Amino acid sequence: MPIDFLMNGDMPERPTILLAHGAGAAMDTPWMTSMAERLAARDMRVARFEFAYMAARRTGGPKRPPPKIDLLLEEYHSAIDALTPDGPLILAGKSMGGRVASMIAEDLYRSGNIAGLLCLGYPFHPRGKPENLRTDHLRTLTVPTLICQGTRDPLGTKEEVLSYNLPSAIRVHWLPDGDHDLKPRKRETGLTLEDHLNTTANTIRDWGNVLVG
């Protein structure tokens, strides 16, 4: 099926971030829109897309869970093929979308087709199952990678992630007291989700500037 992109910052020669959604939320949720707008305001081009199971919900299709990972990998590749960036390309995703991007990024980086990988709230393990790690492929990554993660993310806390011995290509930017959506508890920190999204966007901009020279 054709891929519909939501574009922010669609200006020539900007680095393009191809941003996939998480397992249960569409590409145009307030969170995704807010992040895309912030990155566009920082001179990056953001292309959001939906996997087919999520797009089907817009036409009255059943609310099905995500399909097997192999199909999602194929669909992410199709999104890359359908996009026409005229500058550096960064694969990215929120939660599940970041996991899918991370599983195809290495080959694309080695072939010179992408500049980096961005994960927003990486699902290091399923909720409540810290023994079921999703890190095997991360251990061999050489693609420059930025993971923006809340320190109390139930899918990978700071304490847990620091024990994984991730490779030097992966940089983890920690958001104090952030949950899986990077949201902190204001009573605990004095910070808001808006604060963390702005910090995240600034971090991505600075990382991206170094990445693409």
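**View 1. D4 sits in the segment before β1 (6–8).** Strands (E, at least two residues) and helices (H or I, at least four) are DSSP runs, numbered from the N terminus. This is a predicted model: local features need pLDDT of at least 70, side-chain atom pairs count only at pLDDT 80 or more, and totals for chains, interfaces and linings use all residues. Residues are numbered from 1 along each chain as its sequence is written, and side-chain values use heavy atoms, with hydrogens and water left out. D4 is exposed, at 61% relative accessibility. Exposed means over 50% relative accessible area, buried under 20%, and partly exposed in between (1.4 Å probe, protein chains only). Not counting residues up to four places away in sequence, D4 touches M27, R48 and F49. A contact means heavy atoms within 4.5 Å. T200 is 196 residues from D4 along the chain, and their C-alpha atoms are separated by 26 Å.

**View 2. E13 lies in the loop between β1 and β2 (16–20).** Is E13 buried or exposed? E13 counts as exposed, with 64% relative accessibility. E13 is 154 residues from P167 in sequence. In space the two are 30 Å apart, C-alpha to C-alpha.

**View 3. S95 has a positive phi, near 55°, in a residue other than glycine.** S95 is in the loop between β4 (89–94) and α4 (96–110). The relative accessible area of S95 is 11%, so S95 is buried.

**View 4. D177 is not a glycine, yet its phi is positive, about 65°.** D177 belongs to the loop between β7 (170–175) and α6 (186–189). D177 counts as buried, at 12% relative accessibility.

**View 5. H125 is in the loop between β5 (116–120) and β6 (145–150).** H125 is buried, with a relative accessible area of 2%. Which residues does H125 contact, leaving aside its neighbours within four places in sequence? The contacts of H125 are P130, N132, L133, R134, P154, L155, G156, E160 and Y164.

View 6. A disulfide is a pair of cysteine sulfur atoms within 2.5 Å. By this rule the count is zero disulfides. C119 is buried, at 1% relative accessibility. C148 is buried too, with a relative accessible area of 0%.

View 7. From the N terminus on, the elements run β-β-α-β-α-α-β-α-β-β-α-β-α-α. The radius of gyration is 16 Å, close to the 17 Å that the globule rule gives for 213 residues, so the chain is as compact as a globular protein of that length. This radius is taken over C-alpha atoms, and the globule rule is 2.2 Å times the number of residues to the power 0.38. Along the principal axes, the C-alpha atoms fill a box of roughly 45 × 45 × 35 Å. Of the 213 residues, 48% count as buried. Among contacts with a separation of 6 or more, 75% come from residues 24 or more positions apart.
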